[in-house]
Amino acid sequence: MLKTAASTEGQPTIFDKILDKTIPSTTVHDDDLCYAFADINPQGPFHCLVIPKNRDGLTRLSNAREDQKEILGHLMYTAGQLGKANCPEGFRTVVNEGVQGAQSVYHIHVHVIGGRQMTWPPG
């Protein structure tokens, strides 16, 4: 049975287990505010996820509060730096939102995908 956003948003996620090292991951970036790791199902030669270390209710972009603008900016800045360093010819950043946006983990995350020609429209 497919879980809906409402039934999973407040629960611990696989990302929480990655952050507490219960589940191993390949570190791409680590700082005081965020952690980036290689996606286990990469959609390009380079594909990582950038997540906040403190979820603080930030399960979806549409749930963001005004006081979370700084962490959102930090996630996007970090995604840009990782894309620039690993995909000099260009990359795509993606934030999936809700069920119809194909969000599967309710801990906000930015995908950074590159290393090949992207197509449009996506998905």
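A word on the source. The model is predicted: local features need pLDDT of at least 70, side-chain atom pairs count only at pLDDT 80 or more, and totals for chains, interfaces and linings use all residues. Residues are numbered from 1 along each chain as its sequence is written, and side-chain values use heavy atoms, with hydrogens and water left out.

Start with helix H3, residues 69–86. Helices (H or I, at least four residues) and strands (E, at least two) are DSSP runs, numbered from the N terminus. H3 has 18 residues and spans 26 Å from first C-alpha to last. That is close to the 26 Å expected at 1.5 Å a residue; the expected span is 1.5 Å times one less than the number of residues.

Which residues of H3 are buried? They are Ile71, Leu72, Leu75, Thr78, Ala79, Leu82 and Gly83. Buried means under 20% relative accessible area, exposed over 50%, partly exposed in between (1.4 Å probe, protein chains only). Seen down the axis, the buried residues of H3 fall within an arc of 135 degrees, so they line one face of the helix. The arc is taken from the directions from the helix axis to the C-beta atoms. On the other side, Lys69, Glu70, Tyr77, Lys84 and Ala85 are exposed.

What does the buried face pack against? Strands S1 (27–30), S2 (34–38), S3 (46–52), S4 and S5. Contact here means heavy atoms within 4.5 Å.

Now the loop between S4 (91–94) and S5 (110–114), where His109 lies. His109 is buried, at 4% relative accessible area. A polar atom of its side chain lies 2.8 Å from the backbone oxygen of His107. For polar contacts, the cut-off is a pair of N or O atoms within 3.5 Å; within protein, one must be able to donate a hydrogen and the other to accept it, and residues adjacent in sequence count only if both atoms are side-chain atoms. Not counting residues up to four places away in sequence, His109 touches Phe15, Leu49, Val50, Ile51, Val94 and Val95.

Gln103 lies in the loop between S4 and S5. Gln103 counts as buried, at 7%. A polar atom of its side chain lies 3.1 Å from the backbone oxygen of Val105. Leaving aside neighbours within four places in sequence, Gln103 contacts Thr59, Arg60, Asn96, Glu97 and Gly98.Last, the largest pocket: about 390 Å³. A pocket (1 Å grid, protein atoms alone, 1.4 Å probe) is an open set of points with protein on both sides within 12 Å along at least five of seven lines. S4 and S5 each supply at least two lining residues, meaning an atom within 4 Å of a point.

Technical notes: Points joined across faces, edges and corners; volume = space filled by probe spheres on them.
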